[in-house]
Amino acid sequence: MLAGFGLLAGALTILAVTTRIPLSWLMAGLGILSVTALLVRRQFPGGSSTWIALILVSPIFVSAAGHDPAMWDDFWNWLPSAAYEYRHNSLPWPDLPPSLSIFPGYPQGMPLMISAASFVGGRFLETAGPIINALLLAGSSALFAEALAAALVRHGRLQAAEMPPVLIAGAIAITTLFNPGLDGGVMLSSYADCGTMVAVGALGLLGVEILARVSATDAGDVEGLAWRFGFVGAMLVNLKQANPVLLGLVMAGLILVALRVPAIRTRRALLQLPRMLTPAIVVVALWRWYVTGNLPNSEQVFRPFHDWSFGVLHQTFAAIGTFIAGEPLFHSIMWLVTAAGVVSFFQLPRKTSEARWLAVVCATVWLGYNVFLLIVYLGVTTGYDAHIASDYWRYTSHVALLGLYAPVVALAVAHWPKGKNLRTAPTLAVILLAFCAVFVRSDLNDPPDRAWQRFLRETVADMRNVIPPGSKVLIVPFWSSLPFGVAVRYNLWQLDKPAPHVAATIVTEEDDFPKVATWAARGKADFLIIQDAEGLMDEATDALGLPRLHHELVLYVWRDGAWERTKSWPIPPALIHRDS
């Protein structure tokens, strides 16, 4: 399933950047080719383990389908990109209107899949992203179950071609319920972080399986496995701009294992490299060619070295320490597995196993990725983002599944009952636990801050009855990171409609507040939106020449040379995040 996702998304990206054929045509053509290939090969897609995983994850699908977007980059990047591709049936080109996304040069694997679901549904589907994330988790669980089964077969604890349902259910429980790196809010969004976590874990499993097969006398279908690795690698680099680094780190970990274990036939392993890397290299090369020629200044870039934020390095480490203290279970697992991987590296080849190999790969990726993130904070992000180590909790989760796989494989190989079937009661208990993950983990059902976004969505829907098409709206947010400004702007745009009728601008700089009235007098602003749910806005309202707020969201209109209150919406007490 994951390889198929990577193949289709990669092929769609390649065709979209090299041709001007409408996206819906390309998607239909790829869909027809996929169905034809399955019919010719008389193959049912995914295999039984994938379909069992999909059934067990189905409650998460239901939860995902019922959640509106709520996170910052949903409104800022991912959904505007997907809506653009759906509306214009194309990627952005110089002769088309500009994208409303903040970074249209980011890889478009997730937005393209959201737009594909929207074409099938006949309307823009904001909930397609969370459903896709749930599908990827199901595919990841099925792959993990297959990897566990293969390891158990090699150690004589399971019959070949046997796939106990408890393995699949256990893999789902580990991937979702017991995964401390999985954030429900991120999973129920259009972010590419969940897909990145899935792809990194899958590459670790597939890479170790490739090494296990080339070290055996009967290598089996190594070539087919290498192609699967290649397509999952294409999926990884097609999700986020920095993900080629993760692919390189996984490959580095696998190479370290191969160099330390003489049983791994180096020549046979080297022959697999073109299959393992070519799909990702082609996707990255063509995407870079497209962005360079058509979308300048549309992605994150490194600043000159003399402009790096070395002055806040101490604060960056302190912020990272705060994140680690806030997630002790996740970081304890990651650092313990990393320590085990370093020890295992020096114990190879005397002590060797799939779990040890996975630990070495995890240690390589975890240490290398943390160094890379530090470099990004210093050389790419703003000084403020470096000061707070912005989103460190989200970026480190990309390695979460890889960190869980090593200890779980070790425990399964050591304790699986050799030559015996598990009793029915424990098996049913594990299956029930996997099926009920969405009910056990509240963040998979009702993540924080969803009520605030529902309030904003309903309020903006009411505003649109007052704000005429073509109006210019200014939005004044509180300084905090809660996505008020971007959420209101996104909802005003109405990206599910043929064209946005409202020009919305977020005013974030306090120095601009006194200029707002001048802008309005010059016809650059017709309406203004402000609220005080996130903190005191007295200084802002004074600078804007407005009355002070009292737990309300207010819409002002510029009329007769002054701001006039049009309508106010009281903010429910449960949504007020301040003491005042």
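Predicted model: local features only at pLDDT ≥ 70, side-chain atom pairs only at ≥ 80, totals over all residues.
Some ground rules. Local features need pLDDT of at least 70 and side-chain atom pairs count only at pLDDT 80 or more, while totals for chains, interfaces and linings use all residues. Residues are numbered from 1 along each chain as its sequence is written, and side-chain values use heavy atoms, without hydrogens or water.

I start inside. The largest nonpolar core has 175 residues; a core is a set of buried Ala, Val, Leu, Ile, Met, Phe, Trp, Tyr and Cys residues joined through side-chain atoms within 4.5 Å. Buried means under 20% relative accessible area, exposed over 50%, partly exposed in between, with a 1.4 Å probe and protein chains only. F229, L492 and I529 have the most contacts inside this core. Helix 6, residues 128–154, gives the most to it, with 15 residues; helices are DSSP runs of H or I, at least four residues, numbered from the N terminus.

Leaving aside neighbours within four places in sequence, F229 is in contact (heavy atoms within 4.5 Å) with residues including L203, I210, L254 and M276.

Next, helix 7, residues 165–177. Of its 13 residues, 12 are buried, among them V166, G170 and L177.

Finally, the surface. Helix 15, residues 328–347, gives the most to the patch, with 3 residues. W335 lies in helix 15 and counts as partly exposed because its relative accessibility is 37%.

Note on methods: Helix = DSSP H or I, 4+ residues; strand = E, 2+ residues; numbered from the N terminus. Expected span 1.5 Å × (residues − 1).
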